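Reader: Before we talk terms, show me the sequence and the model. I will ask what each label rests on.

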Amino acid sequence: MLKILKQGSYINRVERVGTDEAYSDASLLSTDYECAVHVRFNVVTYEILDANWGIHRAPDQSRRGQGKAYQLIGESG
């Protein structure tokens with residue numbers, strides 16, 4: 001019997017830029033989806049300075065796109 005397998009990989013990376021900023025990239029590549037998010041933040045306060053997202057492949061074509069995540073900018077951890 002043949003079974004359809006679903007697979008996926010997550011890739012996360014954080015890199016410091018200068019003395020007080022860093023950026024983080026997170027990507028998902030799976031059988032159904034290919035998407036990513038990029039966040040730039042202050043390393044002292046964790047305030048999000050910039051946030052962008054992109055869905056490049058999805059089962060539902062209407063979910064594809066890219067843009068800025070304005071609701072996250074200014075938030076802190």
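Reader: Which residue in β2 is the bridge partner of I11?

Author: S27 is the partner of I11. R13 has its bridge partner in β2 as well, namely D25. One caution first: this is a predicted model, where local features need pLDDT of at least 70 and side-chain atom pairs pLDDT 80 or more, while totals for chains, interfaces and linings use all residues. Numbering starts from 1 along each chain as its sequence is written, and side-chain values use heavy atoms, without hydrogens and water.

Reader: What makes β1 and β2 a pair, and in which sense do they run?

Author: Two strands pair if DSSP finds at least two bridges between them. β1 and β2 (residues 21–30) have 10 bridges, in the antiparallel sense, so they meet that rule. They also form a hairpin, with 3 residues between them. In that turn, G18 has a positive phi of about 75°.

Reader: How many strands and helices does the protein have?

Author: There are 5 strands and 0 helices. Both are DSSP runs numbered from the N terminus: helices are H or I with at least four residues, strands E with at least two.

Reader: In what order do the strands lie in the open sheet?

Author: The order is β1-β2-β3-β4-β5, with antiparallel pairing. β1 (8–17) and β5 (65–68) are called edge strands because each pairs on one side only. From one strand to the next, the twist averages 10°; axes are lines fitted to C-alpha atoms, and angles run from 0 to 180 degrees between N-to-C directions.

Reader: What links β4 to the strands on either side of it?

Author: β3 and β4 pair over 8 bridges, antiparallel. H38, for one, has N52 as its partner in β4. That hairpin has 5 residues between its strands, and Y46 in the turn has a positive phi of about 60°. β4 and β5 pair over 4 bridges, again antiparallel, and G54 stands opposite Q66 in β5.

Reader: Why is β1 called hardly covered?

Author: Buried means under 20% relative accessible area, exposed over 50%, and partly exposed in between (1.4 Å probe, protein chains only). Of the 10 residues of β1, the count that are buried is 0. Across the protein, buried residues make up 18% of the 77 residues.

Reader: Which residues form the largest nonpolar core?

Author: That core has 7 residues: A22, V39, F41, V43, I48, A51 and A69. The term covers buried Ala, Val, Leu, Ile, Met, Phe, Trp, Tyr and Cys joined through side-chain atoms within 4.5 Å. Leaving aside residues up to four places away in sequence, A69 touches A51, N52 and W53; contact means heavy atoms within 4.5 Å.
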